[in-house]
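Reader: Could you put the model up and walk me through it? I'd like to start with strand pairing and then jump around a bit.

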Amino acid sequence: MQVRGACALITGGGSGLGEGTARRLLSAGAKVALLDLPQSRGDAVAEELGVDCHFVAADVTDEAQVESAVEGAAAAMGGLHVLVNAAGIAPASRVVNRAGEVFPLDLFRVVLDVNLVGTFDVTRRAARIMGGNDPNDDGEKGVVVNVASIAAFEGQIGQAAYSASKGGVAAMTLPLARDLASLGIRVNCIAPGIMDTPMIGGMPEAVRESLLEVHVFPKRLGKASDFAALAQHLVENALINGAVVRLDAAARMGPR
Ligand SMILES: NC(=O)c1ccc[n+]([C@@H]2O[C@H](COP(=O)([O-])OP(=O)(O)OC[C@H]3O[C@@H](n4cnc5c(N)ncnc54)[C@H](O)[C@@H]3O)[C@@H](O)[C@H]2O)c1
């Protein structure tokens, strides 16, 4: 699907990978809506990016907010063709820590709710609108790009909840693609390695340096622009469907 003239909804668009994707799709001629938390930078980013960029405040764990935000985004842009599901959280905790405390079940549920259920909820609402679009020459009416993580495959110590959520996102990509094929919607997933965004920006320098070792080549952290370039390609290449693509410089995570 051509990016020029497309209307793209990006969850988590107020920061990091989502924000980078918004910038790239806008400069390629799309209209963009950023769905993010009310207290996020989404509003400020949309203001900076200009008239073709809109902000819709919503928590992806709130069904009613998601429904009205997806409809509001489509109304503001005048359509909906692309969805990038980049909203996510990554709190880590041991199952049983040194003090003998167990992983809080509430935290486990929240991670699943934001990363997995939130992705599914936004996708189902967006897909209903995309299904009403006129098809292009390939029969495409919409494209969804999910965001997992290499932690879906090699989760580290402390990542039980995060890996479970991202494993779910990776695993549901193929059934979503099969399910939505009848509506002319493709669904793919990016599994990033270690990306230099605010999500890891708060970590101590020593931890950031150890993370850098994980990338085999090139030996640098991923950038939002690396992610955005792949997201754009997944939108444009009609033959890629149901795929989970690692964006990780050959990284394979160890236990810690
Ligand atoms: N940074 C990395 O190394 C890395 C690696 C692999 C996967 N990822 C995934 O990429 C995605 C983007 O991460 P990032 O690094 O850009 O992080 P980020 O923290 O910079 O951005 C995440 C955005 O999601 C929003 N968000 C969080 N909870 C939300 C909710 N309930 N409803 C709506 N919006 C919500 C935040 O407000 C924020 O703007 C996440 O799903 C993350 O798990 C990141």
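Author: In S6, Val187 is the bridge partner of Val144. The chain crosses from S5 through helix H5 (residues 160–180) to S6, and this β-α-β crossover is right-handed, meaning that, with the strands pointing away from the viewer, the path from the first strand over the helix to the second runs clockwise. This is a predicted model, in which local features need pLDDT of at least 70 and side-chain atom pairs count only at pLDDT 80 or more, while totals for chains, interfaces and linings use all residues. Residues are numbered from 1 along each chain as its sequence is written.

Reader: How many bridges join S5 to S6?

Author: Strand S5 (residues 142–147) is joined to S6 by 6 bridges, and the two run parallel; strands count as paired if DSSP finds at least two bridges between them. Helices (H or I, at least four residues) and strands (E, at least two) are themselves DSSP runs, numbered from the N terminus.

Reader: And what joins S6 to S7?

Author: S6 and S7 also run parallel, joined by 4 bridges, with Cys189 standing opposite Val244 in S7.

Reader: Is S6 covered on one face or on both faces?

Author: Both faces are covered, with Ile185, Val187, Cys189 and Ala191 on one side and Arg186, Asn188, Ile190 and Pro192 on the other, all of them buried. That makes 8 of 8 residues buried in S6, which spans residues 185–192. Here a residue is buried if 20 or more other C-beta atoms lie within 10 Å of its own, exposed if 12 or fewer, and partly exposed in between, with C-beta atoms placed from the backbone.

Reader: Switching to S2, what does it pair with?

Author: Strand S1 (residues 7–11) pairs with S2 in the parallel sense over 5 bridges, and Thr11 stands opposite Leu35 in S2. From S1 the chain crosses through H1 to S2 in a right-handed β-α-β crossover. S2 is also joined by 5 bridges to strand S3 (residues 53–57), again running parallel, and there Ala33 stands opposite His54. The chain crosses from S2 through helix H2 (residues 42–49) to S3, and this β-α-β crossover is right-handed.

Reader: Which residues of S2 are on each side?

Author: Lys31, Ala33 and Leu35 are on one side and Val32, Leu34 and Asp36 on the other, and all are buried, so that both faces of S2 are covered.

Reader: Now the ligand: which residues are closest?

Author: The closest are Gly12, Ser15, Gly16, Gly88 and Thr197, within a surrounding set of 29 residues; a residue is near a molecule if its C-beta atom, placed from the backbone, lies within 6 Å of it. The elements that give two or more residues to this shell are helix H1 (16–27), helix H4 (105–130) and helix H6 (198–201).

Reader: What is the shell made of by class?

Author: It has 15 nonpolar, 12 polar and 2 charged residues, where Ala, Val, Leu, Ile, Met, Phe, Trp, Tyr, Cys and Pro count as nonpolar, Asp, Glu, Lys and Arg as charged, and the others, Gly among them, as polar.

Reader: Back to S7, why does Val245 count as partly exposed?

Author: Val245, found in strand S7 (residues 244–247), counts as partly exposed because it has 16 C-beta neighbours inside 10 Å. Not counting residues up to four places away in sequence, Val245 touches Asn188, Ile190, Ala191 and Leu230, contact meaning that the C-beta atoms, placed from the backbone, lie within 7 Å.

Reader: And Asp226, buried or exposed?

Author: Asp226 is buried, because 21 other C-beta atoms lie within 10 Å, and its place is in helix H8 (residues 224–236). Asp226 and Leu17 are 209 residues apart in sequence, yet their C-alpha atoms are 9.0 Å apart in space.

Methods
Two residues are in contact if their C-beta atoms, placed from the backbone, lie within 7 Å.
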